Amino acid sequence: MAIERGDIELAGVCKSFDGLTNVVDGVNLKIADGAYCCFIGPSGCGKTTILRMIAGHEDPTAGEIVIGGQNVVGLAPVQRRTAMMFQSYALFPHLTVRENIAFALRVRGMSKIDRLRAADAMIEKVRLTSFADRLPAQLSGGQQQRVALARAAITEPRVLLLDEPLSALDEQLRVQMRQELRRMQQELGITFIHVTHTQLEAIALADLVVVMEQGRIKQAGPARDAYAHPHDRYVAEFMGGQNVLSGRVEKVNGASFVLAQAAPDGIEVPLQARAKISVGDTVDIAVRRDDVTLVRPGQTLPAGCSTSLPSRVLAIEYQGYFVKVMLDTVPDDEFVAYVPEKTFFADPLNVGDVVLATWATDRARPLA
Amino acid sequence: MQSSQTPSRANLAGWLYVSPLVLVLVPFFVAPILVVLAASFFATDGFGGLTPGFTFSNYVEVLHSALTLKLYLATIKFTVLTWIFTLIIGFFVAYFLVFHVRNQLLAIGLFLLCTVPFWTSNIIRMISWIPLLGKEGLINQALLATGAVHQPLEVLLFSDLAVVIAYVHQLTIFMIVPIFNSMARIDKKLIEAAIDAGASRFDIMRLIVVPMSKSGIALGTIFVVSIVMGDFFVVKVMSGGGSASVVSAFYEDVGVLQYPTAAASAVLLTLVLVAIVSLILRTVDIRQEITR
């Protein structure tokens, strides 16, 4: 009955701890074998609960969890062939690195020689050979993380579940360990499910990004889809990098519609596939922050731009390779332009300057 | 100048911090021990009078007496039995409270319930065993009624069994508290991680819980061992005078005014206890475990 594949299917999975509110509320999702999947959302959105249900540390209130074609609800983690890497690692403090990594083999009854040999091979894989006899407390955060990864991977699971694996590390180490996670995943060739609340982490690692809100999946798809083509305002704002504007539809003509806004002629937005827009609807649209061009009043707009919104510069933040310019373009929402560093310093703006924010018309997208 | 002044100032502050403890320990602990130590080398006229001097004869007497070995064996028997039972009961009570009672308030409530026996005095607690264990006590009545025995069991009260029962009853709490304390500090995620690795309940207890409760077990052991070895009252009452312990023997010595031999026995017992405690501390680094 060994599960050989690591493809996962969640069907109508619900979880309620108090019988009143669903922490996870009817989640349906398919994750391919060998995929790197990131669950992302604010704390309390149910992403960790989903992870724990896949791991077998919680039972769903309703729904099915299928791993490798078998419904695993009610099975122990070992029978599921999953392994979990816990937030803050949960290394056994009284055991050395080698004993920690060999623990799962020990409780499976493997002989001492065999399990220590297997542990040493794994220790080499995570490059901790010179630390094998240390206790976890004598290791740095990054080393502890590698021990946790090795401990989880030693049983050759089909699915590795990682609960905020990088949150305990400082920024530089996080980027480094991120690459290491990806390398391990490719080396092991198994499914990784990674829970995080950092969108950068998710889009850097994942084949499949799952954005969650209040127990529901808001959008699931490739990283580029979630970032560049968010379905709705929530995903756009959570993934970042987008300006979200809302307004009433003034007219619909052929391939585009016009949104009433502060702009004299409104905002022209291509219709795309979303056809059900009629005059009078209130619609959200998204424009990527790096698609916004700032033009001084009186200058001609770049080609392809039909919309220009007069704005005042509220604040400027230097970010290295780009400059973040915050504008008062729309009354209620944040409006930000990411201006490439070279462009910005060719004609530097100051706080209080009046500019026209514009973008190529086909870069604006209506949201659900 | 700074460098010459700072250490002395730090020293003074250090002494101030320990002074309350020193003020208590010196008159109430160090001084009496020194008195006993001195008395153990004195000679006596046999009627309570002490002759200051320096003689090993008291120690020679104690060590040459066949009774001493017998008393130590009896005391160690009580100690080991009490230790085993308090350890087993204390460990599982603490384990239950920490790992099986989900509601923390309930756990604290149950924990306080363990202290209920201590709301009455030691003597009352011992006397209350009589209606239960006595010849006409509840247990004998029940056994007779069910036909399990035809004669009331005499072994239940005023026996070594009764002594051990009374000790276990009194001292289990001294095991529960430190073990509970060290178990409560085990991160629940470790248990989950062990389950994730495929560990059974028994594996978790053997490989995670027991090793991580070592400091609590050691502390509880020190409490139980030193209390049992230093006690004579429970032995006297619960054995009905049938058994003796090291302390009850030198209590008898004091009763017949043999102060120097009693003092020598006391010093010997102290040394034995110090040896046992340091052995425990050598196996478990309590200080390191506590600061972990």
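Chain A and chain B bury about 1600 Å² between them, in a model that is predicted. Carbon and sulfur atoms account for 66% of that area. On the chain A side, His94(A), Phe103(A) and Val107(A) supply 30% of the area buried against chain B, more than any other three residues.

The contact involves 22 residues of chain A and 16 residues of chain B. Polar links also cross the interface. There are 5 residue pairs in polar contact, with both partners at pLDDT 80 or more. The rule finds 1 salt bridge there. In a salt bridge, the side chain of Arg52(A) meets that of Glu192(B) at 2.7 Å, N to O.

Four elements of chain A each give two or more residues to the side that touches chain B:

| Element of chain A | Residues |
|---|---|
| Helix H1 | 47-55 |
| Helix H2 | 77-80 |
| Strand S6 | 82-85 |
| Helix H3 | 97-107 |

H3(A) gives the most, with 4 residues. By class, this side of chain A has 13 nonpolar, 5 polar and 4 charged residues.

Now the cores. The largest nonpolar core has 127 residues. Phe39(A), Phe103(A), Ile193(A) and Met183(B) have the most contacts inside it. Helix H8 of chain B, residues 160-184, provides the largest share of this core, 12 residues.

What does Ile193(A) touch, leaving aside residues up to four places away in sequence? Its partners include Ile8(A), Ile31(A), Cys37(A), Phe39(A), Leu51(A) and Ile54(A). Val159(A), Leu160(A), Leu161(A) and Leu162(A) are also among them.

Definitions and conventions: Residues numbered from 1 in each chain as written. Chains lettered and ligands numbered in written order. Predicted model: local features only at pLDDT ≥ 70, side-chain atom pairs only at ≥ 80, totals over all residues. Heavy atoms only, no water. Contact = heavy atoms within 4.5 Å. Buried area = accessible area lost by both parts, 1.4 Å probe. Salt bridge = Lys/Arg side-chain N within 4 Å of Asp/Glu carboxyl O. Polar contact = N/O pair within 3.5 Å; in protein donor to acceptor, adjacent residues only side chain to side chain. Nonpolar A, V, L, I, M, F, W, Y, C, P; charged D, E, K, R; others polar. Core = buried A, V, L, I, M, F, W, Y, C linked by side-chain atoms within 4.5 Å. Buried < 20%, exposed > 50% of the residue type's maximum accessible area, 1.4 Å probe, protein only.
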